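User: Hi! Could you walk me through the side-chain contacts in this model, one question at a time?
Analyst: Happy to; here is the structure we will be talking about.

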Amino acid sequence: GYKIVTDGLHTIRDIKDGDFHLHMGHFDSLKVVNPRIRNWVKVADIIAAQLRIIQSARNAVSAVRKSGQFTNDELDYCKNVFDHLLEECLINMDELMMVITSGELEMTDDERVKRIDSIYLEMQDKSAFTASFSNDMSMLAMQRLTEQTAINYSKKINGY
């Protein structure tokens, strides 16, 4: 009886350990990033969008300052908008790096692709917002300059 119980317990332990190692193999495989996903063109597009956003934000803040058409509070607001946008971009980039780096997250290839797609769409939205906000600020500067020119011309004509 003792031999039967001992053999049975060893068999159960071997089955349990085998099942555990089988599951560990599966979970370990989820930590490895498929090279096709890591080298996917959308990953490069996300990084390129990040660089474009940074450059556009710098150019916009510089143009707003140089225009001389905004108060210090308005300049601070513009800078804060772009700072917040760049912080969100950094969060997206950190998440992208975690998704494409082996050993960071346990995800299937499908989950990684979906997350990269999501990050890609978020970066496209941020890029569109950057262009729109920059354009709005430029338009406002032009309108203010035109208005100031018209006021100065009117004063000149009317002798003020």
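User: Let's begin with a salt bridge. What is the N to O distance where the side chains of Glu74 and Arg144 meet?
Analyst: Keep in mind that this is a predicted model. A salt bridge needs a nitrogen to carboxyl oxygen distance within 4 Å. The side chains of Glu74 and Arg144 form such a bridge, with an N to O distance of 2.8 Å.

User: Which helices does that pair link, and how many residues apart are the partners?
Analyst: Glu74 belongs to helix α4, which covers residues 72-100. Arg144 sits in helix α5, residues 109-158. The bridge therefore connects distant parts of the chain, α4 and α5, with partners 70 residues apart.

User: Thanks! Where do Asp83 and Lys79 lie?
Analyst: Their side chains meet in a salt bridge at 2.9 Å, N to O. Asp83 is partly exposed at 28% relative accessibility, and Lys79 is partly exposed at 33%. The two are four residues apart, about one turn, and both lie in helix α4.

User: Which residues are linked with Arg115 in a network of salt bridges?
Analyst: Start with the bridge between the side chains of Arg115 and Glu95, at 2.1 Å from N to O. That pair links distant parts of the chain, with Arg115 in helix α5 and Glu95 in helix α4, 20 residues apart. Glu95 is partly exposed, at 25% relative accessible area. The network joins Arg115 with Glu95 and Glu122.

User: And how many salt bridges does a search of the whole structure find?
Analyst: The bridges we have discussed include Glu74 with Arg144 and Asp83 with Lys79. Over the whole structure, the search gives a total of six.

User: On to the rings. What kind of pair do Phe82 and Phe133 make?
Analyst: A pair of aromatic rings is described by the distance of the centres and the angle of the planes. For Phe82 and Phe133, the centres are 5.3 Å apart and the planes are at 75°. Planes over 60 degrees apart count as edge-to-face, so this pair is edge-to-face.

User: Why does that pair tie together separate parts of the sequence, and how many residues apart are they?
Analyst: Phe82 is buried at 2% relative accessibility, and Phe133 is buried at 12%. Phe82 lies in helix α4 and Phe133 in helix α5, so their contact ties together parts that are 51 residues apart.

User: Which residues form one aromatic cluster with Phe129?
Analyst: The rings of Phe129 and Phe133 have centres 5.7 Å apart and planes at 15°, so they are stacked. Both lie in helix α5, four residues apart, and Phe129 is partly exposed at 37% relative accessibility. The cluster unites Phe129 with Tyr77, Phe82 and Phe133.

User: One last thing: which residue lies over the face of Tyr120?
Analyst: A charge counts as sitting over a ring within 6 Å of the ring centre. Here the distance to the ring centre is 4.9 Å. The residue over the face of Tyr120 is Lys42.

Definitions and conventions:
Residues numbered from 1 in each chain as written. Predicted model: local features only at pLDDT ≥ 70, side-chain atom pairs only at ≥ 80, totals over all residues. Heavy atoms only, no water. Buried < 20%, exposed > 50% of the residue type's maximum accessible area, 1.4 Å probe, protein only. Phe/Tyr/Trp six-rings, centres within 6.5 Å; stacked < 30°, edge-to-face > 60°. Lys NZ or Arg CZ within 6 Å of the ring centre and 35° of its normal.
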